[in-house]
Amino acid sequence: MENKILEQYQLWTEHAFSDADVIKELKKMAGDEEKIEEAFYRNLTFGTGGLRGVIGAGTNRMNIHTVAKASQGLADYIVKKFPKEHQKIAVSYDSRIKSKLFAEVASGVFAANGIKVHIYSQLMPTPCLSFAVRRLHCAAGIMVTASHNPSKYNGYKVYNADGCQITTEAAAEILAEIEKLDIFSDVKNLAFSEGVKTGIIQYIPEQVYTDFVEAVKKQSVLGDAKIDKNVAIIYSPLNGTGLLPVLRTLKESGYQNITVVKEQEQPDGTFPTCPYPNPEIREAMELGMKYAREHNADLLLATDPDCDRVGIAVKDSSGEYVLLSGNETGILLLDYICSRRQALKTMPEAPMLVKTIVTTDMGERIAAHYGVQTVNVLTGFKFIGEQIGFLENEGKEDSYIFGFEESYGYLSGTYVRDKDAVNGAFLICEMFAWYASLGISLTEKLSELYRQYGFCLNTLHSYEFEGAQGFLKMQEIMQKFRSGLESIGGKKVHTCLDYSKGIDGLPKSDVLKFLLEKNCSVVIRPSGTEPKLKAYISVSAENREQAMLIENRIADDLQGFFVL
């Protein structure tokens, strides 16, 4: 173990006295070189996703000291970039362990630097934070969350004045400010209670939250059409932030027949019934599926802890409940929005769909059918939000009609600049009720879209690489993929797109996309928030059976690359 790691550990044992949990953990790891190295071998990475890591003691962990240091760096950035009257920041937090504490610590740092803080009085979803940044004309915003990660994680997303997650350039500037700081001697602090007392920390008015709900409801594309909204809905907030805003939005819109999954209703950062609280994962949806069967429900909705992703299950032709993927829900919503806007004659002059490069290419075919332009961006909804900002600067904000990504993120309006599961849940219920009024199920509609545009199978495979050695292994694997491939799974590689060099004006990113014969593709990228490499496989074929055979061959071939 390097001397500098031991030096950092010693420094923390001498100065980290503000959190009893940190003190206890530092004492516990004494003499354990492996644990000390894992906690101190690097500083927790700060990037466009902000911070994210395991809660605990050390420079590579989420704790009040790493949160305070990041907040001081962000404060220095705001003070340098914005005039005094615009030095304001919005703060929100989710249900995770220590989320409220981290939000209050960060608020105290901002306040100590003379920055006015607007914080929600209770936990609120990520889209509510984006909305508050815009509504209150803040220079920035932070959301304390680790989104859908397991309970041992927490994180800290940073938003710019547009309500969009920070760009690569802004992240680099903030990181430069953070790296100038000594974690113990250079961070200014003010007690949260003192900041509230003096007024430099203020609670966000209830009206802002109400305005957010109203903005979501305005995304309806139903028009004057009459539908039966007595849809039997099961809803789970997965012990996160979605309970109040999702229920309020749906009930105010006429959906009253809603049963909440009791065990997952209240905020709980331990996520006792779903250790991986991600609606992309079947295990997280199992309890909701059980409720759906018991209540003979029409529709199951589940939102992740910070309520920016939503997953759904519906009945198939045999009456069994099936989970829809993010891509499937996305293409259903896209077609629904386009068809309804066309019928209502509310399609803008130059309509635009924005999606990520790992999201199904079928979206582009549907968009083209309706005369909608598709813009493809890098993985991460911040790049979709960025495109909305570009449109706004050109006075063409209304051109944006929908954005989605395969990881269950959707947004149909410009009132926020991040994916919004409140908006997603609302539109899904409206879409479901609309097709039900026509005697069409969502699985039937999906089959119709496949018949019209061709079948497309999209899968995601994740490979975990924990710790310092895992980080090095991921770099080796990416280099191996860059060495050149002639085929994958028996499919000839036509083109390899290396986004680390910058393509189509997009920021440079450690992403590879292999375009294979017969409209198949593979994308390989490191996760921006977890110690994982992700492989996205897209297969076009005549039917599901053929697509699955091709996908299996590609996945089996890829497996060999992830074992060095």
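A salt bridge is taken here as a side-chain nitrogen of Lys or Arg within 4 Å of a carboxyl oxygen of Asp or Glu. In this predicted model, a search of the whole structure finds 29 salt bridges, and three of them are set out below.

| Pair | Closest N to O distance |
|---|---|
| Lysine 180 and glutamate 177 | 3.5 Å |
| Arginine 417 and glutamate 392 | 3.4 Å |

Arginine 248 and glutamate 252 are 4 residues apart in helix α10 (residues 243-252), which means that about one helical turn separates them; glutamate 252 counts as partly exposed, at 40% relative accessibility. Arginine 417 forms its salt bridge with glutamate 392. Arginine 417 lies in the loop between β15 (409-411) and α15 (421-437), while glutamate 392 belongs to helix α14 (residues 381-393), so the pair ties together parts that are 25 residues apart in sequence. Arginine 417 is buried, with a relative accessible area of 0%, whereas glutamate 392 is partly exposed at 29%. In the remaining pair of the table, lysine 180 is exposed at 54% relative accessibility, but glutamate 177 is buried at 10%. Beyond these pairs, Lys157, Asp306, Asp308, Glu405 and Lys419 are linked in a network of salt bridges.

As for the setting, the chain holds 18 helices and 21 strands, and 58% of its 564 residues count as buried. The mean positions of the 61 positive and 73 negative charges lie 2 Å apart.

Technical notes: Residues are numbered from 1 along each chain as its sequence is written. This is a predicted model: local features need pLDDT of at least 70, side-chain atom pairs count only at pLDDT 80 or more; totals for chains, interfaces and linings use all residues. Side-chain values use heavy atoms; hydrogens and water are left out. Helices (H or I, at least four residues) and strands (E, at least two) are DSSP runs, numbered from the N terminus. Buried means under 20% relative accessible area, exposed over 50%, partly exposed in between (1.4 Å probe, protein chains only). Lys and Arg count as positive and Asp and Glu as negative; His and the chain ends are not counted. The place of a charge is taken as NZ of Lys, CZ of Arg, CG of Asp or CD of Glu.
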